[in-house]
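Here are my notes on the model, point by point. Please read them with the structure open.

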Amino acid sequence: MYKRIRDLREDHDLSQEQLAEYLHISQSTYSRYESGYLDIPSAVLIALSQFYKVSVDYLLGLTD
């Protein structure tokens, strides 16, 4: 899951800071989500899926 989230961010040429701002969290918190040090709350997963226009299942690695 964490690799997919990082890959999506990089594919959209976004920095961690830009995405953290969109999610209303700190860059360090987003970095911890992306590296797997913190579990990603469901509200953040939903926001990311809406932002990237993919399903939460895709983010979780359940679908391709």
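1. In which helix is Asp7 found? Asp7 sits in helix H1. Bear in mind throughout that this is a predicted model. Asp7 counts as partly exposed, because its relative accessibility is 24% and the buried class ends under 20%. The side chain of Asp7 makes a polar contact of 2.7 Å with the side chain of Lys3. Gln27 is 20 residues from Asp7 in sequence, and their C-alpha atoms are 17 Å apart.

2. Next, the core. The largest nonpolar core has 14 residues. Ile5, Leu23, Tyr30 and Leu48 touch the most other members. Four helices each supply at least two residues of this core: H1 (2-11), H2 (16-23), H3 (27-35) and H4 (42-52). H4 gives the most, with 5 residues.

3. What does Ile5 touch, residues up to four places away in sequence not counted? The list is Tyr30, Glu34, Ile40, Leu45, Leu48, Tyr52 and Leu59. Two of these, Tyr30 and Leu48, are also among the core residues that touch the most other members.

4. Arg9 deserves a look. Arg9 lies in helix H1. Is Arg9 buried or exposed? Arg9 is buried, because its relative accessible area is 9% and the cut-off for buried is under 20%. Neighbours within four places in sequence aside, Arg9 is in contact with Leu14, Ser15, Gln16, Leu19, Tyr30, Glu34 and Tyr52.

5. Leu19 belongs to helix H2. Leu19 counts as buried, because its relative accessibility is 1%. Its contacts, leaving aside neighbours within four places in sequence, are Arg9, Leu14, Tyr30, Leu48, Phe51 and Tyr52. Leu19 and Leu48 are 29 residues apart along the chain, yet their C-alpha atoms are separated by 9.0 Å.

6. Now the helix pairs. Two packed helices are described by the angle between their axes and the distance between the axes. For H1 and H3, the angle is about 125 degrees and the axes are 7 Å apart. H1 is therefore oblique to H3. H1 contributes Tyr2, Ile5, Arg6 and Arg9 to the contact, and H3 contributes Tyr30, Tyr33 and Glu34. By class, the contact of H1 with H3 has 4 nonpolar, no polar and 3 charged residues.

7. At what angle do the axes of H2 and H3 cross? They cross at roughly 105 degrees and come within 8 Å. H2 is therefore roughly perpendicular to H3. On the H2 side, the contact is made by Gln16, Glu17, Leu19, Ala20 and Leu23. On the H3 side, Gln27, Tyr30, Ser31 and Glu34 take part. The classes here are 4 nonpolar, 3 polar and 2 charged residues.

8. Which residues of H4 are buried? They are Val44, Leu45, Ala47, Leu48, Ser49 and Tyr52. What covers them includes H1, H2, H3 and helix H5 (56-59).

9. Last, the end of H4. Lys53 follows H4. The phi of Lys53 is positive, near 60 degrees.

Note on methods: Residues are numbered from 1 along each chain as its sequence is written. This is a predicted model: local features need pLDDT of at least 70, side-chain atom pairs count only at pLDDT 80 or more; totals for chains, interfaces and linings use all residues. Side-chain values use heavy atoms; hydrogens and water are left out. A nonpolar core is a set of buried Ala, Val, Leu, Ile, Met, Phe, Trp, Tyr and Cys residues joined through side-chain atoms within 4.5 Å. Buried means under 20% relative accessible area, exposed over 50%, partly exposed in between (1.4 Å probe, protein chains only). Contact means heavy atoms within 4.5 Å. Axes are lines fitted to C-alpha atoms, for helices over the stretch in contact, and angles run from 0 to 180 degrees between N-to-C directions. Angles under 35 degrees count as roughly parallel, over 145 as roughly antiparallel, 65 to 115 as roughly perpendicular and the rest as oblique. Ala, Val, Leu, Ile, Met, Phe, Trp, Tyr, Cys and Pro count as nonpolar, Asp, Glu, Lys and Arg as charged, and the others, Gly among them, as polar. A polar contact is a pair of N or O atoms within 3.5 Å; within protein, one must be able to donate a hydrogen and the other to accept it, and residues adjacent in sequence count only if both atoms are side-chain atoms.
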